[in-house]
Amino acid sequence: MMAAARGALAVLTFLVLATVALAQGLEPTLPDPVLEARAQELHKVLRCLVCQNQSIHESNAELARDLRNVVRERVAAGDSDAQVLTYVVARYGDWVLLRPPFNAGTMLLWLGPPLILATALLGTGVYFVRSRRSIPDMKPLTSEEQARVAALLGEERQG
Amino acid sequence: MRPALAVPLVVFVVVAIALAVGLGLKPREIPSALIGKPVPTFALEPVQDFGPGLSSEDLKGQVAIVNVFASWCVPCRVEHGLWEEVAKQGIPIYGINYKDTPANASAWLKQLGNPYARTGADRQGRVGIDWGVYGVPETFVVDEHGMIQLKFIGPVDRAALETQILPKVRALQAKAGARPAG
């Protein structure tokens, strides 16, 4: 009984360690932890071309792995962050940047939401200003009107 | 009707048209950053038994098709027959063999025939990255100055060949021919 439990524990330990090894071991990282950290930050802003809305940091696609290594190589070669991004954009276009740059092609993307919000606010403002104006000017009641109001209210109280 | 009442209708129509156009777009087809740019500099060994190798210098001096293929790529098998036809028409076509093993690539060309005037084996996929390749097959049309003029993503079928690729090749050939030599 004890032996079986110990055996099961050993198998479980092996499986857990094997998973960790799989996750860590396949991809060589840069020996310098500072450079590796910089490379990984760059991985996070680059979009994976195969799985589209993942960054290459998150993706398991083979091309994402190749691109991670390209980024590591450029970082190790002494490129600045901007130079690395330029290197990748030159090959795959602005599309690979998860945060697209502001230019003629992306103007609508960047300005669209604030524009729609501004239009909505303006429309709401105009609506309220107009509706207030449409209330007729208030004049004090004439004595006849006051008498009528009193009569009506009196009727109600009695009834 | 007051003009202000037409505003929601106009907004609706504009949004509906924009969304309808958006539905027709293919998000998998990422426009190439390399159109109108020179081919990246590279020099590759040939696929085993299918020499000579391929380099960027080979892509200058004539309008050519560059096809990125791999033996592990199923759609490549579908389009392969069309490249045989294109080669028979005398249009130079070059093959970049992407992330393949020499034995598999060689067996593939032996089995299906070799339409490529030259082949280059890009075993690490680094030349592919320089070309902006993100899926195989991909096909490029390169003009006589070695400038990339067209990229087609995915398997080429007859319709794509006849409405996109061959017209581009012919137009570029006509342009190259019309220019005085020198």
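**A guided reading of a predicted two-chain model**

Glu36(A) lies in helix H2 of chain A, where helices (H or I, at least four residues) and strands (E, at least two) are DSSP runs numbered from the N terminus. At 8% relative accessibility, Glu36(A) counts as buried; the word buried means under 20% relative accessible area, exposed means over 50%, and partly exposed covers the values in between, with a 1.4 Å probe and protein chains only. Apart from its neighbours within four places in sequence, Glu36(A) is in contact with Thr29(A), Leu30(A) and Arg72(A), a contact being heavy atoms within 4.5 Å.

This is a predicted model, in which local features need pLDDT of at least 70 and side-chain atom pairs count only at pLDDT 80 or more, while totals for chains, interfaces and linings use all residues. Residues are numbered from 1 along each chain as its sequence is written, chains are lettered from A and ligands numbered from 1 in the order in which they are written, and side-chain values use heavy atoms, with hydrogens and water left out.

The whole of chain A may now be considered. Chain A has six helices and zero strands, and its pattern along the sequence reads α-α-α-α-α-α. It has 159 residues, of which 23% count as buried. Among its contacts with a separation of 6 or more, 49% come from residues 24 or more positions apart. The accessible surface of chain A comes to about 11,900 Å², and 65% of this belongs to carbon and sulfur atoms; such areas come from the Shrake-Rupley method with a 1.4 Å probe, and for residues only the protein chains shown count as cover. Chain A is divided into domain 1 (2-101) and domain 2 (106-158), with bounds that come from an automatic or database domain assignment. The C-alpha centres of these two domains of chain A lie 59 Å apart.

The buried residues of H4(A) are Val84(A), Tyr87(A), Val88(A), Val89(A), Arg91(A) and Tyr92(A). An α-helix has 3.6 residues a turn, so residues three or four places apart point the same way. The buried residues of H4(A) pack against helix H2 (33-45) and helix H3 (62-76) of chain A, together with H4 of chain B. After H4(A) comes Gly93(A), with a positive phi near 85 degrees.

Leaving aside its neighbours within four places in sequence, Ile65(B) is in contact with residues including Trp83(B), Tyr94(B), Phe140(B) and Ile165(B).

The cysteines come next. A disulfide is a pair of cysteine sulfur atoms within 2.5 Å, and by this rule there is one disulfide over all chains. It is formed by Cys73(B) and Cys76(B), whose sulfur atoms are 2.1 Å apart. The link of Cys73(B) and Cys76(B) is right-handed, with 90 degrees about the S-S bond, and both Cys73(B) and Cys76(B) are buried. Cys48(A), by contrast, is in no disulfide. Cys48(A) counts as buried at 1% relative accessibility, whereas Cys51(A), at 29%, counts as partly exposed.

Some backbone angles in chain B complete the account. Most residues other than glycine have a negative phi, and most peptide bonds are trans. Asp49(B), however, has a positive phi of about 75 degrees although it is not a glycine. Asp49(B) is placed in the loop between strand S1 (43-44) and strand S2 (54-55) of chain B, and is exposed, with a relative accessible area of 57%. Lys99(B), also not a glycine, has a positive phi of about 45 degrees. Its place is in the loop between strand S4 (93-98) and helix H3 (102-112) of chain B, but Lys99(B) counts as buried at 17% relative accessibility. Finally, a cis peptide bond with omega of about 5 degrees joins Val136(B) and Pro137(B). Pro137(B) lies in the loop between helix H4 (126-130) and strand S6 (138-142) of chain B.
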